[in-house]
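Subject: Structure for your review

Dear colleague,

Please find below the structure that I am handing over to you. My notes on what was found in it follow directly after.

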Amino acid sequence: QVQLVESGGGLVQAGGSLRLSCAASSTTSFFSINAMGWYRQAPGKQRELVAAAGTGGSRNYADSVKGRFTISRDNAKNTVYLQMDSLKSEDTAVYYCKATVDSGWTVADYWGQGTQVTVSS
């Protein structure tokens with residue numbers, strides 16, 4: 001079993017910045033994290049990909065956040081970060097961390113509990 005713990009959400013004014021963190025841990029002796037990413041879900045909307053980071057340094061961003069958000073990984077700490085700059089009111093949502101984990105006998109996706117980001121205009 002893999003646990004993802006997110007932190008860093010909060011209330012910020014438009015134009016401000018926040019940094020989200022997501023740390024992965026497991027009770028099993030071996031696990032390898034493949035991709036890690038951030039998704040968000042605003043009220044009444046579907047969950048959408050914000051940014052993803054592969055193991056080989058690949059990065060993908062939603063068009064709406066390109067140039068404003070930066071995803072990064074610390075593989076030694078099994079942690080992924082999302083630096084969010086120039087925040088807009090439309091960035092308000094619950095942000096979820098996702099990790100694709102290889103436990104040696106299966107590959108599965110795990111989700112964090114979500115952290116609220118509210119941008120006031």
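**A buried charged pair and its network**

Arginine 40 and aspartate 91 are both buried. Please bear in mind throughout that the model is predicted. Side chains of opposite charge can pair when their charged atoms come close. Arginine 40 and aspartate 91 are joined in this way by a salt bridge, with N and O 2.9 Å apart. Their positions in the chain are distant: arginine 40 belongs to strand E4, whereas aspartate 91 is in the loop between strand E8 (79–84) and E9, and 51 residues separate the two.

Aspartate 91 also forms a salt bridge with arginine 68, where the closest N and O atoms are 2.8 Å apart. Arginine 68 lies in the loop between strand E6 (59–61) and strand E7 (69–74), and aspartate 91 in the loop between E8 and E9, so this pair ties together parts that are 23 residues apart in sequence. Arginine 68 is buried, as is aspartate 91. Through shared partners, salt bridges join Arg40, Glu48, Arg68 and Asp91 into one network.

How many salt bridges does a search of the whole structure find? The search finds five. One of them is between lysine 66 and aspartate 63, at 3.1 Å from N to O. Aspartate 63 is exposed, with a relative accessible area of 66%.

**The disulfide**

The whole structure was also searched for disulfides, and one was found. The bond joins cysteine 22 to cysteine 97, with an S to S distance of 2.1 Å. Is this disulfide left-handed or right-handed? The torsion about its S-S bond is about -80 degrees, so the disulfide is left-handed. Cysteine 22 lies in strand E3 (residues 18–26) and cysteine 97 in strand E9 (residues 93–102); the pair therefore ties together parts that are 75 residues apart in sequence. Cysteine 22 is buried, with a relative accessible area of 0%, and cysteine 97 counts as buried at 0% relative accessibility.

**Aromatic rings and the charges over them**

The structure holds one aromatic pair. Its members are tyrosine 39 and tryptophan 111, whose ring centres are 5.0 Å apart. Why is the pair called edge-to-face? The planes of the two rings stand at 65 degrees, and an angle over 60 counts as edge-to-face. Tyrosine 39 is in strand E4 (residues 32–41) and tryptophan 111 in strand E10 (residues 107–111), so that the pair links distant parts of the chain, 72 residues apart. Tyrosine 39 is buried, with a relative accessible area of 18%, whereas tryptophan 111 is partly exposed at 38%.

Tryptophan 111 has a further contact: the charged end of arginine 47 sits over its ring, 4.7 Å from the centre. Elsewhere, the ring of tyrosine 81 has the charged end of arginine 19 over it, 4.1 Å from the ring centre.

**Strands E9 and E10**

Strands E9 and E10 pair in the antiparallel sense, over five bridges. Threonine 100 has aspartate 109, in E10, as its bridge partner. The hairpin of E9 and E10 has four residues between the strands, and in this hairpin glycine 104 takes a positive phi near 100 degrees.

Yours sincerely,
A colleague

Notes:
Residues numbered from 1 in each chain as written. Predicted model: local features only at pLDDT ≥ 70, side-chain atom pairs only at ≥ 80, totals over all residues. Heavy atoms only, no water. Phe/Tyr/Trp six-rings, centres within 6.5 Å; stacked < 30°, edge-to-face > 60°. Buried < 20%, exposed > 50% of the residue type's maximum accessible area, 1.4 Å probe, protein only. Lys NZ or Arg CZ within 6 Å of the ring centre and 35° of its normal. Disulfide = S-S within 2.5 Å. Salt bridge = Lys/Arg side-chain N within 4 Å of Asp/Glu carboxyl O. Pairing = 2+ DSSP bridges.
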